[in-house]
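I hope they are handy while you have the coordinates open.

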Amino acid sequence: MRALSAAFGVVAIALVYLVSCELFAPESENSVLASDDVGIIAGLAALVFAVNLVTIKYSREARMYPILLAVILAQVAMFLRTLRAGGLKNYAAVVVLTAIAIATNYSALAVPAVEGLWLVCVLARAGWRLDDAKVHRALMIAYALAAAGLILVPKLFSPLHVPTTGTGVARGWRKLPDLAAPFAFFNKATGSFAFPILAALAIWGVVRGWQRGARDAVAFALLWMWAPPLLMLVASYAIAPVFVERYALSSFVPFFILVALGIFEMPGDLVRAGALALVVAFSLGHIVSYDRKSHDAQYREAIAAADSALKPGEVMTVVPSYAIEVVRYYIPVDQYHRAVRYDSSAPPAAVLIIGDQNLAPGDAQSYKKEYPQTVARLRGVTVLRR
């Protein structure tokens, strides 16, 4: 079930290389970075990406996020290539990849938003002169992004009316993020020990890249890195809490690219090798530390305990209510009738399985009052009986 996620996670490594090449692609003979230098930076970025837990852990899950990340990376690569070189096929690729990314998960809307901001900067710097080739390409890309949005108009609004309280798929369990959440976003995901090293190298990459004249590449990377987390923060306070790491997964890529640029800009091969070794060692250490702890919920064991607690004719249920699919996955097909979706208006089930996560504040205590008998306490889940 997780093979497709793993496959896209591997493909994403190559796409990071491609994005890095497009970001620093030489536009003329006077480019600040030679082609060989760009290849080295791209290879370093792909390596830093490949050994980081934040992307590895999502490649282990049977969810849409590895696909989303891979499609976004392909889209950004085509966006940068099209802005540099144009071409009908490239414009078409931008349309298709943008539509696929947004259709995969609506959080991908942050990426064309970032690109739109960048196009405004490009047009403003060029004085909006229509006779300028880059202005023409920027406008054509803007039309391509708009066309991708038009493709999805019929589906953009239909599933957005989700309840924010209750038992299910709600957003009520999400809390308002701290104002410092965009900064903690990178620290938490890359590890408390690895992050200072990565951050220092990224800052050095920004400084040296700016000094060397690769200002467009550095500025776009910073915009791509910071805009999605900041947009999530604003949306959390203006609309509803939506600050979730996986919604801005692609923002780690420009961070790793800047880290790679910082490694490349170190003085001498020996220092570069030492910096790279530190990054890889601490990143792998973060993976080892993460793997030593259990991060799953013991639903299989909870369902077995709930089943053994049922008397003839009784049924079990689960909250959050969408976890009924987990229950149905583990029980035999001929026992489906013993597991029902939670419905507060229906006759109560005899046994309730409660997941520790994704419940609105206070819900767990109200359920425990309704189901006072504890059948089993397991990792990430509790089984209760009336």
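1. Is F186 buried or exposed? F186 is buried, with a relative accessible area of 1%; here buried means under 20%, exposed over 50% and partly exposed in between, with a 1.4 Å probe and protein chains only.

2. A word on provenance: this is a predicted model, in which local features need pLDDT of at least 70 and side-chain atom pairs count only at pLDDT 80 or more, while totals for chains, interfaces and linings use all residues. Residues are numbered from 1 along each chain as its sequence is written, and side-chain values use heavy atoms, with hydrogens and water left out.

3. For the overall picture, the protein has 15 helices and four strands, taken as DSSP runs numbered from the N terminus (helices H or I, at least four residues; strands E, at least two). The C-alpha trace spans about 80 × 50 × 40 Å along its principal axes. Of the 386 residues, 47% count as buried. Taking contacts (heavy atoms within 4.5 Å) between residues at least 6 apart in sequence, 73% join residues at least 24 apart.

4. Searching the whole structure gives 17 aromatic pairs. Rings of Phe, Tyr and Trp (its six-membered ring) pair if their centres lie within 6.5 Å; planes under 30 degrees apart are stacked, over 60 edge-to-face and the rest tilted. F186 and W226 make an edge-to-face pair, at 5.2 Å centre to centre and 70° between the planes. F186 belongs to helix 8 (residues 181-190) and W226 to helix 10 (residues 215-238), so this pair ties together parts 40 residues apart in sequence. W226 is partly exposed, its relative accessible area being 25%.

5. Another edge-to-face pair is Y342 with Y367, at 5.7 Å centre to centre and 75° between the planes. Y342 sits in the loop between helix 14 (324-330) and strand 2 (351-355), and Y367 in helix 15 (residues 363-370), 25 residues apart. Both Y342 and Y367 are buried.

6. The charged end of R272 is over F264, 5.0 Å from the ring centre, and that of R386 is over Y371, 5.1 Å from the ring centre.

7. Where do the buried residues of helix 9 lie around its axis? A194, L198, A199, L201, A202, G205 and G209 are buried in helix 9. They cover an arc of only 165° (from the directions of the C-beta atoms as seen from the helix axis), which puts them on the same side of helix 9. On the other side, I203 and Q211 are exposed. The cover over the buried residues of helix 9 includes helix 2 (35-50), helix 8, helix 10, helix 11 (252-264) and helix 12 (269-291). Just after helix 9, G213 has a positive phi of about 100°.

8. The largest nonpolar core has 91 residues, and F24, L73, V259 and I263 have the most contacts inside it. Such a core is a set of buried Ala, Val, Leu, Ile, Met, Phe, Trp, Tyr and Cys residues joined through side-chain atoms within 4.5 Å. Leaving out residues up to four places away in sequence, V259 touches V48, L198, L201, A202 and V279. A second, separate core of 20 residues includes Y299, L310, I331 and V381.

Notes. Lys NZ or Arg CZ within 6 Å of the ring centre and 35° of its normal.
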